[in-house]
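Me: Could you take a close look at one part of this protein with me? I would like to understand its pockets.

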Amino acid sequence: MDIIKVNNLFLTLGKTEILKYINVAFEEQKIHGLIGRNGSGKTMLMKCICGFVRPTSGEIIVSGKVIGKDMDFPKDTGIIIETPGFIPYYSGYKNLRLLAGLNNNIGKEEIIKTMKQVGLDPNLRRHVKKYSLGMRQRLGLAQAIMENPDLLILDEPFNGLDKDGVADMRKYLLELKGQGKTILIASHSSEDIEILCDTVCEMDKGVLSKIMGFSEM
């Protein structure tokens with residue numbers, strides 16, 4: 001079953017065509033990769049799927065609901081797009097507590113467990129403004145997964161992580177797939193794509209030019 005369907009999507013900002021002729025479906029319980037150069041349209045496609053940017057024309061369906069019509073944002077979805085934003089003078093744990101309070105679906109125990117899973121100390125009192133880029137990325141992943149969503153949309157989630165951190169996060173994403181999660185990930189790393197992805201879509205100048213299983217590459 002397809003969890004995401006994008007039908008004849010176009011996005012024009014000013015006089016610039018950002019996305020055009022996008023037709024793609026992403027099957028549930030798999031990891032799907034988006035590859036392409038900077039400016040190719042990967043991030044903007046993800047923003048459209050998440051409801052952050054309204055396309056000029058076309059349709060996006062997530063879990064059977066039309067984005068912008070049946071719902072503004074896809075439910076049960078964890079998201080990392082660009083650099084995750086947090087309150088800089090709060091600790092990582094306090095930031096997650098505040099975010100969790102928006103839905104009230106999880107409590108202290110789930111937050112602590114998630115922070116440990118991504119390699120962060122929930123008892124660390126250091127303010128987020130003093131976090132390294134790698135720690136911010138780990139915290140971003142924690143906020144994306146802490147409510148146990150069925151769908152994850154991750155834009156370059158490994159930026160700033162060292163070699164061990166990348167290996168840990170790859171292993172964790174594969175575990176999430178094994179739990180039945182669906183993951184859409186954009187990465188510049190061919191190694192990330194090779195290790196993680198069941199399918200690969202290549203974007204160039206706003207066009208989705210290839211759709212394939214990785215074994216076909």
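How much space lies in the largest pocket?

Reply: Happy to! Keep in mind that this is a predicted model. The largest pocket holds about 540 Å³ of space. Its lining is made up of 19 residues, and those nearest the centre of the pocket are Thr 77, Gly 78, Asn 103, Gln 143 and Glu 147. Strand E6 gives the most, with four residues. Sorted by class, the lining of this largest pocket has 11 nonpolar, five polar and three charged residues.

Now let's turn to the second largest pocket, which has about 240 Å³ of space. Here 13 residues form the lining, and Thr 114, Gln 117, Ile 145, Asn 148 and Tyr 172 are the closest to the centre. Two or more lining residues come from helix H3 (108-117), and likewise from helix H5 (163-178). Helix H3 gives the most to this second pocket, with four residues. By class, you will find six nonpolar, four polar and three charged residues in the lining of the second largest pocket.

How values were computed. Residues are numbered from 1 along each chain as its sequence is written. This is a predicted model: local features need pLDDT of at least 70, side-chain atom pairs count only at pLDDT 80 or more; totals for chains, interfaces and linings use all residues. Side-chain values use heavy atoms; hydrogens and water are left out. On a 1 Å grid over the protein atoms alone, a cavity is a set of points where a 1.4 Å probe fits but cannot get out, and a pocket is an open set with protein on both sides within 12 Å along at least five of seven lines; lining residues have an atom within 4 Å of a point. Grid points are joined across faces, edges and corners, and a volume is the space filled by probe spheres set on the points. Ala, Val, Leu, Ile, Met, Phe, Trp, Tyr, Cys and Pro count as nonpolar, Asp, Glu, Lys and Arg as charged, and the others, Gly among them, as polar.
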